[in-house]
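Here is a short note for a colleague who is new to this model. Please read the points with the structure open.

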Amino acid sequence: MNEEISKCLKKMIFELPKKYQEIIMLYDMNGMSHKEISEKHDITISCSKMRIQRAKAKLKEIFLECCDFEVDAFGNIIDYKQKEAVCKKCGNKCE
C-alpha cells in the first residue's frame with residue numbers, strides 16, 4: 001500500500017505551485033536540511049519551514065480529494081479507498 005501511495009504522491013507533487021515543488025522534494029526526498037534549502041534558494045530558514053508546511057497541507061488536500069483514508073491512533077494510514085474508479089490527480093485505477 002505504501003508503494004501505491006508513494007507513486008501517487010510523486011505525481012501529486014506536480015499539482016503544487018512551483019515554489020513548493022522543489023523545496024518539498026529537496027526536503028522529503030533528498031533529505032536536505034532547512035539550512036541547506038535556505039542557502040540554495042536564497043530564502044530564510046523560517047521561509048523554508050513555512051513552504052514545507054504549506055506544501056504538505058496542500059498535498060493533504062489533494063489526497064483527500066482523491067481518496068478516503070483510514071488511519072490508526074498514531075496517524076499512520078492503514079487503509080484507503082479511491083473516491084472514483086480512476087483518480088483524476090494521479091491516474092491510478094481503483095482495484
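1. Basis. This is a predicted model, in which local features need pLDDT of at least 70, side-chain atom pairs count only at pLDDT 80 or more, and totals for chains, interfaces and linings use all residues. Residues are numbered from 1 along each chain as its sequence is written, and side-chain values use heavy atoms, with hydrogens and water left out.

2. Cysteines. The structure has 0 disulfides (a disulfide being a pair of cysteine sulfur atoms within 2.5 Å). C67 is in none; its nearest cysteine sulfur belongs to C66, 3.3 Å away. C66 is buried at 7% relative accessible area, and C67 is buried at 3%. Buried means under 20% relative accessible area, exposed over 50%, and partly exposed in between (1.4 Å probe, protein chains only).

3. Salt bridge. There is 1 salt bridge (a side-chain nitrogen of Lys or Arg within 4 Å of a carboxyl oxygen of Asp or Glu). D28 and K56 form it, at 3.8 Å from N to O. The pair links distant parts of the chain: D28 sits in helix α2 (residues 18–29) and K56 in helix α4 (residues 45–66), 28 residues apart. Helices are DSSP runs (H or I, at least four residues), numbered from the N terminus. D28 is partly exposed at 44%; K56 is partly exposed at 41%.

4. R51 lies in helix α4. Leaving out residues up to four places away in sequence, R51 touches K19, Y20, I23 and I43 (contact means heavy atoms within 4.5 Å).

Key: Helix = DSSP H or I, 4+ residues; strand = E, 2+ residues; numbered from the N terminus.
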